[in-house]
Amino acid sequence: MRLSEKAAFFCVYSKYLFNYFLGENIGPNVFNLKFNMEKKVCLECEETIRGRSDKKFCSDACRTSYHNRTNIDKPEVIKFIDYQLKRNRKILKKFYSQFSENKMEIPVKQFTHMGFAFDFYTHKEILQSNEFVFCYEYGYNKIDENKVMLIKQSPFALGVELFA
Ligand SMILES: [Zn+2]
């Protein structure tokens, strides 16, 4: 890998690294402890929330009304694209968890059957001269017209965790 590529990786992944240390590694022990001591309030009605420290709403009713209220200003096209991206991510995640242990290449057919939209993605990266297309942290590389190889962006290292 060239130096400029390494620098680019660092910029992208230092963000993930930072989130990892804040949210996951230290989170369950030290970081959440701090939050537990602070009062958390419902994003909708501002009542104090009891229970788990990661809860954002006091009730399902508040969650629904918050999402309805904040979604109402979103243009239809944004709702549609958000929906496609999240659906793509869900499909990639499902395949990733199913196939990662067997290190399998997955037929494109299986993706299209599940409603995967290849035109929708969040970003692209060139890794070892292969182009990977991502929907959030899950990505794929088209090996040929019929098969794809999956990938997941990892916060643990510069670059990504490769398999298959
Ligand atoms: Zn509430």
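**Figure 1. Strands E2 and E3 pair in the antiparallel sense in this predicted model.** Five bridges join strand E2, residues 123-127, to strand E3, residues 130-135. One of the facing pairs is Ile126 with its bridge partner Glu131 in E3. The two strands form a hairpin with two residues between them. In this turn, Gln128 has a positive phi of about 50 degrees. Most residues other than glycine have a negative phi. Of the five residues of E2, the number buried is zero, so this strand lies largely in the open.

**Figure 2. The largest nonpolar core has twelve residues.** Its members are Leu92, Phe95, Ile106, Phe132, Val133, Phe134, Cys135, Tyr138, Tyr140, Val148, Leu150 and Ile151. Two or more residues come from each of helix H4 (76-99), strand E3, strand E4 (138-142) and strand E5 (147-152). Which element gives the most to this core? Strand E3 does, with four residues. In soluble globular proteins, nonpolar side chains tend to be buried together. Leu92 touches Cys135, Tyr138, Tyr140 and Leu150, when residues up to four places away in sequence are not counted.

**Figure 3. Strand E5 pairs with strand E1 and with strand E4.** Strand E1, residues 106-107, and E5 are antiparallel and share two bridges. Here Ile106 has Val148 of E5 as its bridge partner, and both residues belong to the largest nonpolar core. Strands E4 and E5 are also antiparallel, with five bridges between them. Tyr138 stands opposite Lys152 in E5.

**Figure 4. Tyr136 lies in the loop between strands E3 and E4.** This residue has a positive phi of about 60 degrees, although it is not a glycine.

**Figure 5. Glu46 and Arg52 are found in the loop between helices H2 and H3.** Glu46 has 10 C-beta neighbours inside 10 Å and therefore counts as exposed. Its phi is positive, at about 65 degrees, although Glu46 is not a glycine. The C-alpha atoms of Glu46 and Phe57 are separated by 8.6 Å, and these residues are eleven places apart along the chain. Arg52 likewise counts as exposed, because it has 9 C-beta neighbours inside 10 Å. Between the C-alpha atoms of Arg52 and Lys40, twelve residues apart along the chain, the separation is 10.0 Å.

**Figure 6. Helix H3 is hardly covered.** This helix takes in residues 60-71, twelve residues in all. How many of them are buried? The count is zero. From its first C-alpha to its last, H3 reaches 16 Å, close to the 16 Å expected at 1.5 Å a residue.

**Figure 7. The confidence of the prediction is below 50 over residues 8-36.** For the protein chain, the mean pLDDT is 76, and 67% of the residues reach 70 or more. Over residues 8-36 the pLDDT is below 50, and this stretch has 18 contacts in the model beyond near neighbours in sequence.

Technical notes: Residues numbered from 1 in each chain as written. Predicted model: local features only at pLDDT ≥ 70, side-chain atom pairs only at ≥ 80, totals over all residues. pLDDT = per-residue confidence, 0-100. Contact = placed C-beta atoms within 7 Å. Buried ≥ 20, exposed ≤ 12 C-beta atoms within 10 Å, placed from the backbone. Pairing = 2+ DSSP bridges. Core = buried A, V, L, I, M, F, W, Y, C linked by C-beta atoms within 7 Å. Expected span 1.5 Å × (residues − 1).
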